[in-house]
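Please look over the sequence and the structure shown below before reading on.

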Amino acid sequence: MIMYLSMMLTAAIVSYGATWGARLIGNRLELFAPIRSRDMHSSPVSRLGGLGIFAGVLVALAVSSQSFFVKDIFRNNGSPWGVLAGAAVIVLVGVADDLLDLRWWIKLIGQACAALVVAVWGVRMTIIPFVPEPIRFESDPVNIALTTGLIVVTMNAFNFIDGLDGLAAGVAIIGGSAFFLTAYWVHRNAPILDRSDLATLLTAVLVGSCLGFLPHNWFPSKIFMGDSGAMLIGLLMASAGVVSTGQITSGLYDRVNGIPTIIPILLPFAVLFLPLLDLCLAVVRRTAVGRSPWSADRGHLHHKLMDIGYSHRTAVMLLYLWAAVLSFGGLAFAVYPWQIVLAVMVAATLVMGLVTAWPYLSRRGENTGAGVGTAPE
């Protein structure tokens with residue numbers, strides 16, 4: 001744990017400093033993207049924050065490859081470098097989009113290329129956890145296609161949720177922490193000699209980089225992570241999920257007390273539930289009116305929260321709470337009996353649903369009350 005936390009701290013320190021540098025350069029060179037109708041800010045802000053997050057990831061992984069214990073992850077294993085190469089590609093694509101506002105199909109091609117780099121030289125999905133038996137795929141083209149598709153979807157999910165100051169980084173920190181603790185706990189209690197794990201390292205580095213970036217991005221934001229940062233988070237989160245899924249037949253997850261077979265896939269989906277929900281709703285909403293799924297609008301979850309009366313900060317904190325309930329609820333399935341966890345999750349979801357809808361319900365109640373007893377003129 002000490003080494004993982006050290007890498008997390010390294011990523012945080014580097015990310016904080018690099019984000020400050022990216023902010024300085026962006027402001028001095030006036031590298032601002034045009035303000036769009038859906039944006040929640042009114043003054044130009046640099047979108048180069050993704051470079052700071054990537055710097056934290058890059059340095060932390062480089063240090064890890066030479067550090068006690070975690071360097072075993074890199075021994076005769078090119079997967080970490082494949083993930084890093086894919087991360088570099090998506091950051092370049094994201095920066096180009098942040099500065100030039102690329103056409104959606106060009107950005108999609110760039111996302112596919114970055115995901116393909118990870119799938120070919122990094123990690124691959126070879127198993128889909130399923131009850132009662134996991135489904136295994138032996139074909140390399142199928143494995144590569146599955147991995148590429150998963151990474152592209154996850155990148156777009158995080159990109160869609162990045163609409164308020166501090167939102168995407170905070171959700172990544174909360175979800176990544178739950179993922180990190182689960183991956184670490186499973187390997188810590190496994191009867192194996194080498195307990196180093198790529199998924200644990202990736203989530204530690206991701207959380208650290210977002211922690212270093214968040215002070216710059218907290219409302220009112222001084223710099224945005226842009227598409228480069230949001231898509232980088234999605235790529236790293238998906239890669240960690242693929243690594244965990246690949247361990248399904250290793251016996252590691254047989255030691256958990258919840259739902260062993262589906263824990264590796266349950267947790268990533270719990271962590272990514274909010275971004276994926278926002279993505280699905282956006283696709284349905286846009287295609288229903290004949291628009292491209294990739295066209296921008298102002299109908300995301302965070303927009304809706306502000307429309308019903310939440311302030312910028314309050315909307316972000318509410319989504320943080322939702323992320324915590326879902327992410328750590330997924331973590332609980334790996335530790336406690338699933339019946340107890342499910343009951344608590346249902347209760348927590350109902351409470352959070354009521355809290356979320358309260359401004360709308362209270363305003364509706366006031367309007368209804370105001371109309372009672374009013375005589376027609």
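The briefing that follows is grouped by topic.

This is a predicted model, and the secondary structure of its chain comes to 13 helices and 2 strands. The chain has 377 residues, and buried residues make up 51% of them.

**The chain as a whole**
- If we take the contacts between residues at least 6 apart in sequence, 76% of them join residues that are at least 24 apart.
- The accessible surface of the chain comes to about 16,900 Å², and carbon and sulfur atoms account for 68% of that area.

**Helix 6**
- Helix 6 runs over residues 167-188, which gives it 22 residues, and from its first C-alpha to its last it reaches 31 Å, close to the 32 Å expected at 1.5 Å a residue.
- This helix is mostly covered, since 18 of the 22 residues in helix 6 are buried.

- S46 is found in the loop between helix 1, which spans 2-28, and helix 2, which spans 49-64.
- Is S46 buried or exposed? S46 counts as buried because its relative accessible area is 0%, and the cut-off for buried is under 20%.
- Leaving aside residues up to four places away in sequence, S46 touches A22, G26, N27, L31, F32, I223 and F224.
- A polar atom of the side chain of S46 lies 3.3 Å from the backbone nitrogen of L48.

Technical notes:
Residues are numbered from 1 along each chain as its sequence is written. This is a predicted model: local features need pLDDT of at least 70, side-chain atom pairs count only at pLDDT 80 or more; totals for chains, interfaces and linings use all residues. Side-chain values use heavy atoms; hydrogens and water are left out. Helices (H or I, at least four residues) and strands (E, at least two) are DSSP runs, numbered from the N terminus. The expected span of a helix is 1.5 Å times one less than its number of residues. Buried means under 20% relative accessible area, exposed over 50%, partly exposed in between (1.4 Å probe, protein chains only). Contact means heavy atoms within 4.5 Å. Accessible areas come from the Shrake-Rupley method with a 1.4 Å probe; for residues, only the protein chains shown count as cover. A polar contact is a pair of N or O atoms within 3.5 Å; within protein, one must be able to donate a hydrogen and the other to accept it, and residues adjacent in sequence count only if both atoms are side-chain atoms.
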